[in-house]
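Here is a set of questions and answers on one protein model. Please look at the sequence and structure first.

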Amino acid sequence: MKSTKHLAGADLFSRGQYTEAVSVLENAVAESATPECWNDLGASQFALQQYPAAEASFRHALALDPEFRPAALNLGALLAAQNLAAQAIPFLEGATEGLESAVRSRVEQLLRECYKAAPKLSQPPFPFSERTPRVEIGR
């Protein structure tokens, strides 16, 4: 359950008052350091382009719960925004399942952009399948 301060910070964020949200959410994580609270603090910092602080907040959230998808998505988006596509890809790849279609489409588009920016890490254009003809060497 979110604390009163966490709820207040989330409300400030939703109204675009990011500086105030950061202040309130910093107090909230001091009282109750949940993955959700750290993620919301990171989102507020990200909105203010406080990238190192936002990255630290998202990583705190993931340290508390490595499966916390919102923090993984936000960290991936943050890294991509800083042209760190190769670092962003693993966070984005693992977090697309179960997303509503509009969000999933945006994440998949961001992943495609990251693959283009980091081609050595991209998936092969023709993944192996049983229907792929096999070539035997030496015959």
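Q: Is Tyr51 buried, partly exposed or exposed?
A: The model is a predicted one. Buried requires a relative accessible area under 20% and exposed requires over 50%. Tyr51 has a relative accessibility of 22%, so the residue counts as partly exposed.

Q: How are the rings of Phe46 and Tyr51 arranged?
A: A search of the whole structure gives 2 aromatic pairs. For Phe46 and Tyr51, the ring centres are 5.8 Å apart and the planes meet at 70 degrees. Planes over 60 degrees apart count as edge-to-face, so the pair of Phe46 and Tyr51 is edge-to-face.

Q: Which residues is Leu78 in contact with, leaving aside its neighbours within four places in sequence?
A: Leu78 belongs to helix H5 and is buried, with a relative accessible area of 0%. Its C-alpha atom is separated by 9.6 Å from that of Pro52, 26 residues apart along the chain. Leaving aside neighbours within four places in sequence, the contacts of Leu78 are Phe46, Tyr51, Ala54, Glu55 and Phe58.

Q: What pattern does the protein follow along the sequence?
A: The protein has 7 helices and 0 strands. Read along the sequence, the pattern is α-α-α-α-α-α-α.

Q: Which residues is Cys114 in contact with, leaving aside its neighbours within four places in sequence?
A: Leaving aside neighbours within four places in sequence, Cys114 is in contact with Ala80, Ala85, Ala88, Ile89 and Leu92.

Q: Which helices are included in what covers the buried residues of H5?
A: The buried residues in H5 include Ala71, Ala72, Leu73, Leu75, Gly76, Leu78, Leu79 and Ala80. Their cover includes H3, H4, H6 and H7.

Q: Which elements give two or more residues to the lining of the largest pocket?
A: The largest pocket has a volume of about 180 Å³. Its lining is made of Pro70, Leu73, Asn74, Ala77, Leu92, Val103, Arg106, Val107 and Leu110. The elements that give two or more residues to this lining are H5 and H7.

Q: Is Gln45 buried or exposed?
A: Gln45 lies in helix H3. Leaving aside neighbours within four places in sequence, it is in contact with Val22, Glu26, Gln50, Ala53, Ala54 and Ser57. The cut-off for buried is under 20% relative accessible area; Gln45 is at 5%, so Gln45 counts as buried.

Q: Where does Gln49 lie?
A: Gln49 has a phi near 60 degrees, a positive value in a residue other than glycine. Gln49 is also exposed, with a relative accessible area of 58%. Its place is the loop between H3 and H4.

Q: What is the phi of Asn83 near?
A: Asn83 lies in the loop between H5 and H6. With a relative accessible area of 69%, Asn83 is exposed. Asn83 is a residue other than glycine with a positive phi, near 60 degrees.

Q: What separates the C-alpha atoms of Ser14 and Ser44?
A: Ser14 is found in helix H1 (residues 4–14). Ser14 is exposed, with a relative accessible area of 57%. Ser14 and Ser44 are 30 residues apart along the chain, and their C-alpha atoms are separated by 9.6 Å.

Q: Among contacts between residues at least 6 apart in sequence, how many in percent join residues at least 24 apart?
A: The protein has 139 residues, of which 33% count as buried. Among contacts between residues at least 6 apart in sequence, the share joining residues at least 24 apart is 41%.

Conventions:
Residues are numbered from 1 along each chain as its sequence is written. This is a predicted model: local features need pLDDT of at least 70, side-chain atom pairs count only at pLDDT 80 or more; totals for chains, interfaces and linings use all residues. Side-chain values use heavy atoms; hydrogens and water are left out. Contact means heavy atoms within 4.5 Å. Rings of Phe, Tyr and Trp (its six-membered ring) pair if their centres lie within 6.5 Å; planes under 30 degrees apart count as stacked, over 60 as edge-to-face and the rest as tilted. Buried means under 20% relative accessible area, exposed over 50%, partly exposed in between (1.4 Å probe, protein chains only). Helices (H or I, at least four residues) and strands (E, at least two) are DSSP runs, numbered from the N terminus. On a 1 Å grid over the protein atoms alone, a cavity is a set of points where a 1.4 Å probe fits but cannot get out, and a pocket is an open set with protein on both sides within 12 Å along at least five of seven lines; lining residues have an atom within 4 Å of a point. Grid points are joined across faces, edges and corners, and a volume is the space filled by probe spheres set on the points.
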